[in-house]
Every structure is written in structure tokens, then in C-alpha cells.
Amino acid sequence: MTENSFIETINTLFGGALTTLIGAFTGRLMYHSGEVKLGRRRFFGKELLWEIPVAIGMAIIGEAAANYLGLGQPVSTGLVATLAYLGPRGAEALICSWLGRKK
């Protein structure tokens with residue numbers, strides 16, 4: 001009997017697309033929780049609704065980047081969660097830095 005990692009188990013139970021979305025929503029929830037802790041947001045405020053399209057968009061971007069880089073599971077889910085945590089602006093800054101361009 002082989003032991004699966006947490007992400008491999010979720011992937012087996014729900015499939016790759018849902019695993020990617022779970023990773024993205026986890027990343028955004030980590031960001032949102034940090035904002036709550038700093039007093040910039042309420043936990044159950046209207047800002048929480050804006051995290052939904054950001055998480056979905058970052059899941060798409062993160063999965064595309066993982067595919068481009070040839071990353072498999074569970075690394076691709078980790079990349080998605082990281083990019084979702086950074087959000088669009090953070091991901092842009094990371095990509096520009098990685099490409100050696102400054103804006």
C-alpha cells in the first residue's frame with residue numbers, strides 16, 4: 001500500500017481542477033486572514049466576496065504557469081496557492097522580477 005500526500009489524496013478524491021481551486025482559495029484565504037489580523041478588513045466583510053474572482057483567476061494563471069514550467073502534482077498546486085496568495089499585483093511583480101524587467 002502506497003501512502004499519498006495530502007494534495008494527492010485531494011486530487012484523487014475530487015480531481016485536478018477542484019484541487020487547483022482549493023489551492024487558490026487557500027492562498028487567498030491566507031492573504032485575507034493576514035489583512036484581518038492587521039485590522040484592514042473584517043473577516044466576514046464585503047471584501048471576502050472580491051476574493052472569489054481573484055482566486056479563480058489566479059487558479060487559471062497558476063495552472064497555466066505550472067503547465068508551462070512542466071510541473072506535476074503536488075508542485076503545481078503549491079505554485080497555484082503561492083500565486084493566489086500574492087494576488088495579481090504580487091504575481092506581476094514576481095514575474096517581472098523573474099524576467100529581469102522593472103516597471
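Visitor: Why are H1 and H2 called oblique to each other?
Guide: Helix H1 (residues 6-14) and helix H2 (residues 16-37) pack at about 130 degrees, with axes 7 Å apart. Angles under 35 degrees count as roughly parallel, over 145 as roughly antiparallel, 65 to 115 as roughly perpendicular and the rest as oblique, so H1 and H2 are oblique. Axes are lines fitted to C-alpha atoms over the stretch in contact, with angles from 0 to 180 degrees between N-to-C directions. Helices are DSSP runs of H or I, at least four residues, numbered from the N terminus.

Visitor: What is this model, and how are residues numbered?
Guide: It's a predicted model: local features need pLDDT of at least 70, side-chain atom pairs count only at pLDDT 80 or more, and totals for chains, interfaces and linings use all residues. Residues count from 1 along each chain as its sequence is written, and side-chain values use heavy atoms, leaving out hydrogens and water.

Visitor: Which residues meet where H1 packs on H2?
Guide: From H1, Ile7, Ile10, Asn11 and Phe14 meet Gly16, Leu18, Thr19 and Ile22 of H2; contact means heavy atoms within 4.5 Å.

Visitor: What makes Thr77 count as buried?
Guide: Buried means under 20% relative accessible area, exposed over 50%, partly exposed in between (1.4 Å probe, protein chains only). Thr77 has 6% relative accessibility, so Thr77 counts as buried. Thr77 sits in helix H4 and touches Ile7, Thr19 and Gly23, leaving aside residues up to four places away in sequence.

Key: Helices (H or I, at least four residues) and strands (E, at least two) are DSSP runs, numbered from the N terminus.
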